[in-house]
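Please read this briefing alongside the sequence and the structure shown below.

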Amino acid sequence: MNARSEAGAGSRTEPVGQDDAAGRRTDAAGRTDAPKRTDAVGGTHAVVGTDAVGPSEEVGWDEDGAWRTAAWRSGSGARAPRRVAVADDRMAADLAYRLVCEGTALLWRGDYHGARQLLAALGRRVDRKPPKQGATPRESFHLYRQARTRRARVLGMLLVPLETAADGSWAVPLRRAPRVGEACVEAYGPPPGPVGALTLVSLRELQGVLGAHEWRRKGVPIEALGGARIHPRHGVFSPVRGEYVDLVARAPLPRAAGARSGPGPGEEAGPVPEAGADGGGAPRGEDPGRLTAFDVGTGTGVLAAVLARRGVGRVTATDVGEQALACARENVARLDVAQAVEVVRADLFPSREAGRADLIVCNPPWLPAKPTSVLEQAVYDPDSRMLRGFLTGLGERLAPAGEGWLILSDLAEHLGLRPREQLLEWISAAGLRVAGRLDARPEHARATDPAAPLHAARAAETTSLWRLRHVEEAVVS
Ligand SMILES: C[S@@+](CC[C@H](N)C(=O)[O-])C[C@H]1O[C@@H](n2cnc3c(N)ncnc32)[C@H](O)[C@@H]1O
């Protein structure tokens, strides 16, 4: 990055540590605390599912001697910065880094590409300090997460303006800025307020929104769907790692309700070696069109679509995120399986009216830890809440000879976050038994890169499809 004069944020000269009429405080660097606000909508940071992107907060800053305000947007649920200073291409990266580390967000007014360069320079500075190794995998994981959270916080402090454009869409009022209208409408909905109304977002988030738009446009090819594409949306878990989708494509389907129950070929009361498509469940020739299925936490709808393509007659797919629900509906329509798949909003299982299903699939977030952003909610499941909720409710919603398919990576076990025994205990406490298990090894680059953080655990990771049945099929009516 070119040498820049330390103008911009550092150049302003408000008196140090004084309160102004609006109750703001300024410090030596001219950084201004936003006045205390009463937040209009549901408190300061109400974040619900993947959809908390509404402008519930306002950001204020001093610019050219005037106090300005704008709406704050964060699809990841990040809080609005309390201190904002104006910056442009003249600001040196070292000064910018110092300011953002101290908690001052920088509102970029220079060239858009200059902002991208500054973001890259900030990233290099954060990465100079790699996460420390802990004494145990669990400790290393926590240190790694701390470092990632700090990195996200620091890099999220470089802000760019978005404004309501004359055509009613979003625009970035900076030189050489890309078109962002369509991508921002997809992530945030239509812009608020009259033409020129200002919203601030972090550049890092905007880059994510633009990337998500490209993924949504191009789609992700899914081998298990014969190469057909799933089109993810911003904030919706994307099936880029296809191994778990393949497991759902090849696990033997159970029998439909009313068909003969009891252990099928290849079944045991415990984990069994990987089974082929005929290794258990429905006998050859049984019509899968008689089967009903639930896909709990459907995301893009990929697993529901795979089941429908396998001929399952009726699939009810649930999710709690509005973006996920809309995304799943769009994908099942594109894949021409909408006649077999109904997408409904539900916390875990569909309503009682949907009855029991022959097959209930769930791919919950796989690491028991607290998500630090809305986008992390697909990976981190605090206290294994979704996993336990699925297991606890499964028995009641499964048809007598039905099967629950739990898709779960064992990374948590390798990181010392949740022992295998705990999972087996929850399965048995729910009145379920393991009828079989199919395993897949991840193929993503981090699994094979010895320099990647948490490499040992990642290299040992296996994703499994656990086939769960009632312990006593006969007593379930
Ligand atoms: C790891 S993603 C899996 C998405 C998709 N099934 C797949 O395999 O690609 C977990 C999904 O569960 C959803 N979810 C989280 N909690 C839920 C709940 N209580 N009820 C229904 N869905 C939930 C999330 O919104 C997310 O879409």
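In this predicted model, the ligand is surrounded by 21 residues, and the closest of them are Phe 237, Gly 297, Gly 299, Gly 321 and Asn 363. Two elements, α7 (302-309) and β12 (314-319), are the ones that give two or more residues to this shell. By class, the shell around the ligand consists of 12 nonpolar, seven polar and two charged residues.

**The sheet**

- Seven strands form an open sheet with mixed pairing, and their order is β13-β12-β11-β14-β15-β17-β16.
- The edges are taken by β13 (341-345) and β16 (432-440), each of which has a single partner strand, so that one side of each is left without a neighbour in the sheet.
- From one strand to the next, the twist averages 20°.
- Helix α8 (residues 322-334) lies across β12 and β13, and its direction is at about 170° to that of β13.

- Strand β11 (residues 292-296) is mostly covered, since five of its five residues are buried.
- In a regular strand, side chains alternate between the two faces of the sheet.
- In β11, Thr 292, Phe 294 and Val 296 point one way while Ala 293 and Asp 295 point the other way, and all of them are buried.
- On the β12 side, the pairing with β11 is parallel and runs over five bridges, and Ala 293 has Val 315 in β12 as its bridge partner.
- Strand β14 (residues 357-362) also pairs with β11 in the parallel sense, over four bridges, and here the bridge partner of Phe 294 is Ile 360 in β14.

**Packing of helices α4 and α5**

- Helix α4 (residues 181-188) packs against helix α5 (residues 203-218) at an angle of about 95°, and the axes of the two helices are 9 Å apart.
- Because angles of 65 to 115 degrees count as roughly perpendicular, α4 is described as roughly perpendicular to α5.
- On the α4 side, the contact involves Glu 182, Ala 183, Cys 184, Glu 186 and Ala 187, which meet Val 209, Leu 210, Ala 212, His 213 and Arg 216 in α5.
- Sorted by class, this contact of α4 with α5 contains six nonpolar residues, one polar residue and three charged residues.

Methods
Residues are numbered from 1 along each chain as its sequence is written. This is a predicted model: local features need pLDDT of at least 70, side-chain atom pairs count only at pLDDT 80 or more; totals for chains, interfaces and linings use all residues. A residue is near a molecule or strand if its C-beta atom, placed from the backbone, lies within 6 Å of it. Ala, Val, Leu, Ile, Met, Phe, Trp, Tyr, Cys and Pro count as nonpolar, Asp, Glu, Lys and Arg as charged, and the others, Gly among them, as polar. Axes are lines fitted to C-alpha atoms, for helices over the stretch in contact, and angles run from 0 to 180 degrees between N-to-C directions. Angles under 35 degrees count as roughly parallel, over 145 as roughly antiparallel, 65 to 115 as roughly perpendicular and the rest as oblique. Two residues are in contact if their C-beta atoms, placed from the backbone, lie within 7 Å. A residue is buried if 20 or more other C-beta atoms lie within 10 Å of its own, exposed if 12 or fewer, and partly exposed in between; C-beta atoms are placed from the backbone. Two strands pair if DSSP finds at least two bridges between them.
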